[in-house]
Amino acid sequence: MTKIQQQWWHKSVIYQIYPRSFNDSNNDGIGDIKGIIQKLDYLKELGIEVIWLSPIYESPNVDNGYDISDYYSILPEYGTMDDMNKLLLESHQREIKIIMDLVVNHTSDQHPWFIEAKKSKDNPYRNYYIWRDPMNGQEPNELDSNFGGSAWEYDESTNQYYLHLYSKQQPDLNWENETMRISIWEMMNFWIDKGISGFRMDVIDLIGKNPDKQIKENGPKLHDYLQEMYINTFGKHDLLTVGETWGATTENAKLYSDPKRKELNMVFQFEHMNLDKIPGKRRWDLKKLELVELKQVLSKWQYALGQEGWNSLFWNNHDLPRIVSRWGNDGEYRVKSAKMLATLLHGMKGTPYVYQGEEIGMTNAVFDSIDDYIDIETRNVYKERIKDGFSEEEIMKSLYMKARDNARTPMQWSDEPNAGFSKGKPWMKVNPNYTYINVKNALEDEDSVFYHYQKLIDMRKNNNLIVYGTYNLLEPDNENIYAYERILENEKLLIVCNFYEVEKKFYYPVTEYTKARILLSNYNNSGLDISNIRLRPYEAIIYQISEGKSDK
């Protein structure tokens, strides 16, 4: 078999819900917890076993819930703690687990800890945050915020600056303060005791920061903090933990996810998601994705974490644009390319993540004006780029391709007004293509993207080869086709994906005893002759391969 100790989350597929945009039960234009409960049967039909729930805590919503003002309360527009308890109960009755978003690099500036911290330099909560004296009447150093501008904000009442690696309304917590860390453990255990099944940890690689040396990611004490977190919280339970780590490399990913180290189960690494930006520049500076580069990066991670950790597999989340618009074809070949991208990813070793709407092939939204974009990062970037001399056309093109808003348009349930998301005015504009891209249509079409995802999810539940098989990349220099094998003992899968709309051929070496059968394809009549496969636009096929003489 394999050296990896089997875990329940190895066979699971995780579905991310962005509550604000998922389903509105009370028609105030904002998705809510009761709305999620109403759609649990839909998720059960899809086959997912875990929901990753983006923040539903009390928040001023400066950064759409990632600025938390009370970890123990539910934001009223989402519902109540009773609603949350019911969601846990109803989910568990359907054998669906819930993991919560853990945002502990920073809080909201409206959190009681920060309100107290600002009162005076000797307040007991002062050192829950990071404060520095001015340097020559200016910011302590040149450290930048990830949302643009300085990472330091001046507080007149105490004549010091506080650190915020995101918006100024999101002050960073001081992880060197043991009392603060204990407060975090208490909060995490509160949610564990309530019955959640794990945590997705927001920008967790920043908690070990050293601002004086301008170190953001992977600070010197990061892994000490994570091991302490493991001991005091989730390490006592059989939970799933995944860290968001924008600065991860294949080497430090092993530090996070090697079970022997007792830190996390896996991390989100984003190396592959940076391949369509100009090196050394920001993600808004676009370049065409090169498939050979994508193969190099994804394969590197497959090989590196083969036995010393575990991969997360994803194309989309609440911070990323829709993959079918980004690297697929959201026009004529939307359905075919969405299925191809799903096949390519779900055939790999790791735990797949599906972001709401991905399973029906939702696309980026073409908005007319910056006024249609709500995200704080998007608006800041627009202002910066106008100031830097970029044209309106250039900026809007970048936003269409990369803005986080693309992931946050309301879920498209039907062709009814507002896509069936709400009978009230949605908090954000609905993508106009909801009239034909929606769940209702997908469920009525047996050839839809939805049913392709359903088959991929079912395959992972019932086939150890796709879960634990060794990954082997084929033809690394092929500029059009992504092909790889999964091998486990005497069993083998061949996954072949045409990444573009031009027809191409793929040749697989066979013997007279090679047998192949198709487990899944996004075309109804894919070829069985694997020695000479003619791949049509965006065609993706999973073959089961066997070697052996005939029984005759």
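Predicted model: local features only at pLDDT ≥ 70, side-chain atom pairs only at ≥ 80, totals over all residues.
**Helix α5**

Helix α5 runs over residues 178-194 and has 17 residues. From its first C-alpha to its last it reaches 25 Å. That is close to the 24 Å expected at 1.5 Å a residue.

At the start of α5, Asn177 makes a contact through its side chain. A side-chain oxygen of Asn177 comes to within 2.9 Å of the backbone nitrogen of Thr179. Beyond the helix comes Gly195. Gly195 has a positive phi, near 115 degrees.

Which residues of α5 are buried? They are Met180, Arg181, Ser183, Ile184, Trp185, Met187, Met188, Trp191 and Ile192. An α-helix has 3.6 residues a turn, so residues three or four places apart point the same way. The buried set includes Ile184, Met188 and Trp191.

**Salt bridges**

The whole structure holds 33 salt bridges. Three of them are listed here.

| Pair | Closest N to O |
|---|---|
| Arg404 and Asp63 | 3.0 Å |
| Arg385 and Asp285 | 3.0 Å |

Take the bridge between Arg404 and Asp63. Arg404 lies in the loop between α12 (392-402) and α13 (405-408), and Asp63 in the loop between β3 (57-58) and β4 (70-74), so the pair ties together parts that are 341 residues apart in sequence. Both Arg404 and Asp63 are buried.

Arg385 pairs with Asp285. This pair also links distant parts of the chain, 100 residues apart. Arg385 sits in helix α11 (residues 376-387). Asp285 is in the loop between β11 (266-268) and α8 (291-304). Why does Arg385 count as buried? Its relative accessibility is 8%, and buried means under 20%. Asp285 counts as buried too, at 12% relative accessibility.

Arg404 counts as buried because its relative accessibility is 7%. Asp375 is buried, with a relative accessible area of 1%.

Note on methods:
Residues numbered from 1 in each chain as written. Heavy atoms only, no water. Helix = DSSP H or I, 4+ residues; strand = E, 2+ residues; numbered from the N terminus. Expected span 1.5 Å × (residues − 1). Buried < 20%, exposed > 50% of the residue type's maximum accessible area, 1.4 Å probe, protein only. Polar contact = N/O pair within 3.5 Å; in protein donor to acceptor, adjacent residues only side chain to side chain. Salt bridge = Lys/Arg side-chain N within 4 Å of Asp/Glu carboxyl O.
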